[in-house]
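Good morning, and thank you for the time. I would ask you to look at the sequence and the model on the screen, and I shall then go through selected features in turn.

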Amino acid sequence: LVKNKLEMCRTGKDIDWGCAELLAYGSLLLEGKHVRISGQDSQRGTFSHRHAILHDQKEPYGTWCGLDQLKNLNPIGPGDHT
């Protein structure tokens, strides 16, 4: 999954709806806009944002959100989006 998303972003080819949606969220965050993904399934996700947060099933509370990594790229900070 992660390798496929990375390849989509690197090449710009075959970008699926979920990847495009996360890229849109990321571009808003890099502009300093606040993005809130809300609703019952916002982490577990039934829709295309379902891969925004990855869960390590072997580690209690082990989550990774790629959008959080954008904070390191933007000197003005993307804001709190969790």
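Lys5 is found in helix 1, where helices are DSSP runs of H or I of at least four residues, strands are DSSP runs of E of at least two, and both are numbered from the N terminus. This is a predicted model, in which local features need pLDDT of at least 70 and side-chain atom pairs count only at pLDDT 80 or more, while totals for chains, interfaces and linings use all residues. Residues are numbered from 1 along each chain as its sequence is written, and side-chain values use heavy atoms, with hydrogens and water left out.

Is Lys5 buried or exposed? Lys5 is buried, at a relative accessible area of 15%; the term buried means under 20% relative accessible area, exposed means over 50%, and partly exposed lies in between, with a 1.4 Å probe and protein chains only. Apart from neighbours within four places in sequence, Lys5 is in contact with Asp16, Gly18, Cys19 and His51, contact being heavy atoms within 4.5 Å.

Gly18 and Cys19 lead us to helix 2. The buried residues of helix 2 are Gly18, Cys19, Leu22, Tyr25, Gly26 and Leu29. Seen down the helix axis, these buried residues fall within an arc of 120°, so they line one face of helix 2; the arc is that of the directions from the helix axis to the C-beta atoms. As background, an α-helix has 3.6 residues a turn, so residues three or four places apart point the same way. Helix 1 is included in what covers the buried residues of helix 2. In length, helix 2 has 14 residues and reaches 20 Å from its first C-alpha to its last, close to the 20 Å expected, the expected span being 1.5 Å times one less than the number of residues.

I turn next to the largest pocket. About 570 Å³ of space lies in this pocket. Of the 20 residues that line it, the closest to its centre are Cys9, Leu22, Trp64, Gly66 and Leu67. On a 1 Å grid over the protein atoms alone, a pocket is an open set of points where a 1.4 Å probe fits, with protein on both sides within 12 Å along at least five of seven lines, and lining residues have an atom within 4 Å of a point. Grid points are joined across faces, edges and corners, and the volume is the space filled by probe spheres set on the points. Which element gives the largest share of the lining? That is helix 2, with 6 residues. The lining divides into 14 nonpolar, 5 polar and 1 charged; Ala, Val, Leu, Ile, Met, Phe, Trp, Tyr, Cys and Pro count as nonpolar, Asp, Glu, Lys and Arg as charged, and the others, Gly among them, as polar.

Two backbone positions remain. Asp14 lies in the loop between helix 1 and helix 2, has a positive phi near 55° and is exposed, at a relative accessible area of 72%. Tyr61 lies in the loop between strand 1 (53-55) and strand 2 (63-65), with phi near 65° and a relative accessible area of 83%.

Finally, the chain as a whole follows the pattern α-α-β-β, and buried residues make up 27% of its 82 residues.
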